[in-house]
Amino acid sequence: MGDLALNFSRSEFKCPHCGRLVGPTTALVDVLQSMRTSTGERLHIVDGYRCAVYNRRVGGVEHSEHLVGNAADVPGGYATKEQWAAAGARGIGLRDGRVIHVDMRAGPAVVFVD
């Protein structure tokens with residue numbers, strides 16, 4: 001049992017560099033929980049919130065949604081971009097054709113390739 005949703009806890013979203021936590025947003029947790037419920041498989045959060053130092057270290061973009069607790073990186077191949085879009089993800093990042101990033105950005109939904 002998580003403290004954010006059935007399957008997610010705040011501790012999973014802390015910055016690996018400094019341990020600080022901003023967010024995650026309710027919208028992001030709702031999308032992640034929806035996907036977890038629909039697949040029936042555990043969803044590991046690879047990266048949630050990132051402080052500015054860690055974001056630069058990992059090559060994150062300057063205005064990354066990770067900086068405001070509005071994004072999560074997930075294991076590649078957990079679900080398709082179509083499944084993530086159906087769950088409500090607004091930003092979907094692909095590497096080698098596999099979803100690795102989901103966010104709840106404002107504005108039009110976008111799929112981007114890394």
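How many salt bridges does the count come to? The count comes to four, where a salt bridge is a side-chain nitrogen of Lys or Arg within 4 Å of a carboxyl oxygen of Asp or Glu. This is a predicted model, in which local features need pLDDT of at least 70 and side-chain atom pairs count only at pLDDT 80 or more, while totals for chains, interfaces and linings use all residues. Residues are numbered from 1 along each chain as its sequence is written, and side-chain values use heavy atoms, with hydrogens and water left out.

**View 1. The salt bridge of D73 and R50.** The closest N and O atoms of D73 and R50 are 2.7 Å apart. The pair links distant parts of the chain, 23 residues apart, since D73 lies in strand β1 (residues 71–73) and R50 in the loop between α1 (26–39) and α2 (52–57); helices (H or I, at least four residues) and strands (E, at least two) are DSSP runs, numbered from the N terminus. Both D73 and R50 are buried, a term for under 20% relative accessible area, with exposed meaning over 50% and partly exposed in between (1.4 Å probe, protein chains only). D47 joins R50 and D73 in a network of salt bridges.

**View 2. The salt bridge of R105 and D103.** The side chains of R105 and D103 meet at 2.7 Å, N to O. R105 is partly exposed, with a relative accessible area of 23%, whereas D103 is buried, at 1%.

**View 3. The salt bridge of R10 and D3.** Here the N to O distance is 3.8 Å, and R10 counts as partly exposed at 40% relative accessibility.
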